[in-house]
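I opened a new structure today and kept notes as I went. The entries below follow the order in which I looked things up.

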Amino acid sequence: KSSNMNGRWFRFIFCLLLLAHSSLQQTAEKKRRNGKKDSANSSAIEELRKQINDLAQELNLLKEQQALQTVCLRGTKIIGKCFLADPVKRTFHAASEDCIAKGGVLSTPTSGYENDELYDYVRQSIGPEEHIWLGINDVVTDGQWLDHSSSNVRFKNWETDITLQPDGGRSQNCAILSTTANGKWFDESCRDEKASVCEFNIV
C-alpha cells in the first residue's frame with residue numbers, strides 16, 4: 001500500500017514536472033515569437049522614421065529652391081549665381097549678417113565677367129553713383145584679403161590707375177565696389193555705411 005502511494009505521488013509529481021516544463025517551453029516560445037515580432041516592429045518603425053526624415057529633407061530642399069527662385073526673380077541672374085540688391089546703407093558686418101540671414105553672402109566677384117555684371121546691376125538697381133560692400137576683408141591679417149569662407153581672394157579689381165588701392169592700412173579693412181570708378185575696388189572702414197548686394201549660388 002505504501003509503495004502504491006509512493007508510486008502515485010511519484011507519477012503525480014512527474015506529471016506536475018512535465019506540465020511545468022511544457023508551460024515553461026510555451027512561455028519561452030511566446031517570448032521568442034514576441035521578440036521576433038518586437039524586432040520586426042522596431043525595424044519597421046525605424047524604416048518609417050528614415051522615410052519621414054528623407055521626405056523632410058526633400059521638402060526643405062524644395063523650399064530653399066523656391067525661395068532662391070523668388071530671390072532670383074527679384075534680382076538678376078548670371079552664370080551660376082544670382083544677385084539681389086539692398087539699397088539700405090549698413091556697416092559691413094550688419095550687411096554681411098543680413099545677407100547670411102537671407103541664405104546668401106555679400107557679393108564677391110571671382111572674375112572680370114562677374115565684376116562687370118555686378119557693376120551694371122548696381123548702376124541699374126541702386127544708382128549710378130552708389131558703392132556697395134564686397135564680401136571680402138583683411139581684418140585678421142592686414143593686406144591678406146579673405147572672402148566669406150576665409151579663402152584668399154584670387155580675383156582682384158583694385159583701383160590702381162589714380163590711387164594705389166588698397167591704401168587704408170589697418171584703418172580700412174573692408175572693400176567696396178565703386179560705380180563712379182567703373183566697378184573698381186577701394187578699401188574702406190568697416191564701420192562706414194554702404195548699400196550691398198547679396199549673392200546666391202544657383203545649383
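**Entry 1: terms and ground rules.** I call a residue buried when its relative accessible area is under 20%, exposed when it is over 50%, and partly exposed in between, using a 1.4 Å probe and protein chains only. Helices (H or I, at least four residues) and strands (E, at least two) are DSSP runs, numbered from the N terminus. The model is predicted, so I take local features only at pLDDT of at least 70 and side-chain atom pairs only at pLDDT 80 or more, while totals for chains, interfaces and linings use all residues. Residues are numbered from 1 along each chain as its sequence is written, and side-chain values use heavy atoms, with hydrogens and water left out.

**Entry 2: strand β5.** I started with the cover on this strand. In β5, 5 of its 5 residues are buried, so I noted the strand as mostly covered. Cys-174, Ile-176 and Ser-178 point one way. Ala-175 and Leu-177 point the other way, and all of these residues are buried.

Next I looked up the neighbours of β5. Two strands pair if DSSP finds at least two bridges between them. β4 and β5 run antiparallel and are joined by 4 bridges. Across that pairing, Ile-132 has Leu-177 of β5 as its bridge partner. β5 and β6 also run antiparallel, with 5 bridges. There, Ile-176 stands opposite Phe-186 in β6. The hairpin of β5 and β6 has 5 residues between the strands. In this hairpin, Asn-182 takes a positive phi near 55°.

**Entry 3: disulfides.** A disulfide is a covalent bond between the sulfur atoms of two cysteines. My cut-off is a pair of cysteine sulfur atoms within 2.5 Å. How many disulfides does a search of the whole structure find? It finds 3.

I took Cys-174 and Cys-190 up first, coming from β5. Their sulfur atoms are 2.0 Å apart. The torsion about the S-S bond is about 95°, so this disulfide is right-handed. The pair links distant parts of the chain, with Cys-174 in strand β5 (residues 174–178) and Cys-190 in the loop between β6 (184–188) and β7, 16 residues apart. Both Cys-174 and Cys-190 are buried.

Then I checked Cys-99 and Cys-198, joined S to S at 2.0 Å. About their S-S bond the torsion is about -95°, so the link is left-handed. Cys-99 sits in helix α2 (residues 92–101) and Cys-198 in strand β7 (residues 194–201), 99 residues apart. Cys-99 and Cys-198 are buried.

For Cys-72 and Cys-82, the sulfur atoms are 2.2 Å apart. This link is left-handed, with -70° about the S-S bond. Cys-72 belongs to helix α1 (residues 2–74) and Cys-82 to strand β2 (residues 81–90), 10 residues apart. Cys-72 is buried, with a relative accessible area of 4%. Cys-82 is buried at 0%.

I also wrote down the pattern. With the bonded cysteines numbered in sequence order, the pairing is 1-2, 3-6, 4-5.

**Entry 4: aromatic rings.** A pair of aromatic rings is described by the distance of the centres and the angle of the planes. Rings of Phe, Tyr and Trp (its six-membered ring) pair if their centres lie within 6.5 Å; planes under 30 degrees apart count as stacked, over 60 as edge-to-face and the rest as tilted. The count comes to 5 aromatic pairs.

Phe-83 and Tyr-121 have ring centres 6.4 Å apart and planes at 20°, so they are stacked. Phe-83 lies in strand β2 and Tyr-121 in helix α3 (residues 112–125), 38 residues apart. Phe-83 is buried at 1% relative accessibility, and Tyr-121 is buried at 9%.

Which way do Phe-155 and Trp-185 meet, stacked or edge-to-face? Their centres are 5.8 Å apart and their planes at 85°, so the pair is edge-to-face. Phe-155 is in the loop between β4 (131–137) and β5, and Trp-185 is in strand β6. Both residues are buried. Ring pairs link Trp-145, Phe-155, Trp-158 and Trp-185 into a cluster.

**Entry 5: the core.** A nonpolar core is a set of buried Ala, Val, Leu, Ile, Met, Phe, Trp, Tyr and Cys residues joined through side-chain atoms within 4.5 Å. The largest one has 36 residues. Leu-118, Ile-132, Ile-136, Trp-185 and Val-197 touch the most other members. Elements that give two or more residues to this core include α1, β5 and β7.

Last, I looked up contacts (heavy atoms within 4.5 Å) of Leu-118. Leaving out residues up to four places away in sequence, Leu-118 touches Phe-83, Ser-107, Pro-109, Ile-132, Leu-134, Leu-177 and Val-197.
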